[in-house]
Amino acid sequence: MATALLRTAPGDAPGALEAAARVLHGRFADWVIADLTVGGAAVPVRRAAVFGPPDDGVLAKVLAGQDPAGCPLVAEVAAGGSASLQVRPEDALALGTDGDGAAVLVRAEVSSLLCLPVVAGGAAGDDGPEVLGVLTLLRTRARRAFSMAEAQAADVLSRHVGLAMRRPGPPAP
């Protein structure tokens, strides 16, 4: 992960978030969805990247076109700044629906999920750290559920991603 983050151009926040999602995909999660906030928005305003199983391109396109604000769990994590770990998620609509109204979690056969805020280093005023984005990691079918130790490691990693996203670009000429 460190290599991927250091290889992104300074000042390229979306690139750093996408690089992190790319590294997490496959090794750590079956699906990785990266959403970006802009200018301190309380909810992510655009989807930066979606990586999923190569045999499910249709669902990947659905997820890529989804408005992150229509995903209640993503909006909650972005607004609250706290991670959410769920094994056998009870709320099938936590990540919204596809164009036909089917729950994304059911369609992807999600067995566990980890939704993490990507935060800028320190506190940003009295409201806590600024959320720069949200990483949503999904494990599907019979794959082992995320453990508490994995969730803690991913939380640390998300903070490193936040640092990479805040790395200043070259000064303007």
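1. In this predicted model, Val-32 has Phe-51 of β2 as its bridge partner. The pairing to which this bridge belongs joins β1, residues 31-36, to β2 through 5 bridges, and the two strands run antiparallel. Helix α3, residues 57-65, packs on the sheet here and touches both β1 and β2. The direction of α3 makes about 165 degrees with that of β2. Strand β2 is mostly covered, since 5 of its 6 residues are buried.

2. The sheet as a whole is open and has 5 strands, in the order β2-β1-β5-β4-β3, with antiparallel pairing. Its edges are formed by β2 (46-51) and β3 (84-87), each of which pairs on one side only. On average, neighbouring strands of the sheet are turned by 10 degrees against each other, direction ignored. As a general point for inspecting the strands, side chains in a regular strand alternate between the two faces of the sheet.

3. Helix α4 covers residues 72-80, and its buried residues are Leu-73, Val-74, Ala-75, Val-77 and Ala-78. Against which strands do the buried residues of α4 pack? They pack against β1 and β3, and also against β4 (110-119) and β5 (131-140). After α4 comes Gly-81, which has a positive phi, near 75 degrees.

4. Setting aside residues up to four places away in sequence, Leu-135 touches Leu-17, Ala-21 and Leu-24, then Val-32, Ile-33 and Ala-34, and finally Leu-114, Cys-115, Leu-116 and Val-118. One of these, Val-32, is the residue whose bridge partner in β2 is Phe-51.

5. The packing of two helices is described by the angle between their axes and the distance between the axes. Helix α2 (residues 13-24) and helix α6 (residues 148-166) pack at about 150 degrees, and their axes are 8 Å apart. Because this angle is over 145 degrees, α2 is roughly antiparallel to α6. The crossing of α2 and α6 is right-handed. On the α2 side the contact is made by Ala-13, Ala-16, Leu-17, Ala-20 and Leu-24, and on the α6 side by Leu-157, Val-161, Ala-164 and Met-165. Classed by type, the residues of this contact comprise 9 nonpolar, no polar and no charged ones. Leu-17 and Leu-24, named here for α2, are also among the residues that Leu-135 touches.

6. Is Arg-167 buried, exposed or partly exposed? Its relative accessible area is 23%, so Arg-167 is partly exposed. From C-alpha to C-alpha, Arg-167 and Ala-16 are 9.6 Å apart in space, although 151 residues apart in sequence. Neighbours within four places in sequence being left aside, Arg-167 is in contact with Leu-5, Leu-6, Thr-8, Ala-9, Pro-10 and Gly-11.

Conventions. Residues numbered from 1 in each chain as written. Predicted model: local features only at pLDDT ≥ 70, side-chain atom pairs only at ≥ 80, totals over all residues. Heavy atoms only, no water. Pairing = 2+ DSSP bridges. Helix = DSSP H or I, 4+ residues; strand = E, 2+ residues; numbered from the N terminus. Axes fitted to C-alpha atoms, helices over the stretch in contact; angles between N-to-C directions. Contact = heavy atoms within 4.5 Å. Buried < 20%, exposed > 50% of the residue type's maximum accessible area, 1.4 Å probe, protein only. Parallel < 35°, antiparallel > 145°, perpendicular 65-115°, else oblique. Left-handed = near helix turned anticlockwise from the far one by under 90°. Nonpolar A, V, L, I, M, F, W, Y, C, P; charged D, E, K, R; others polar.
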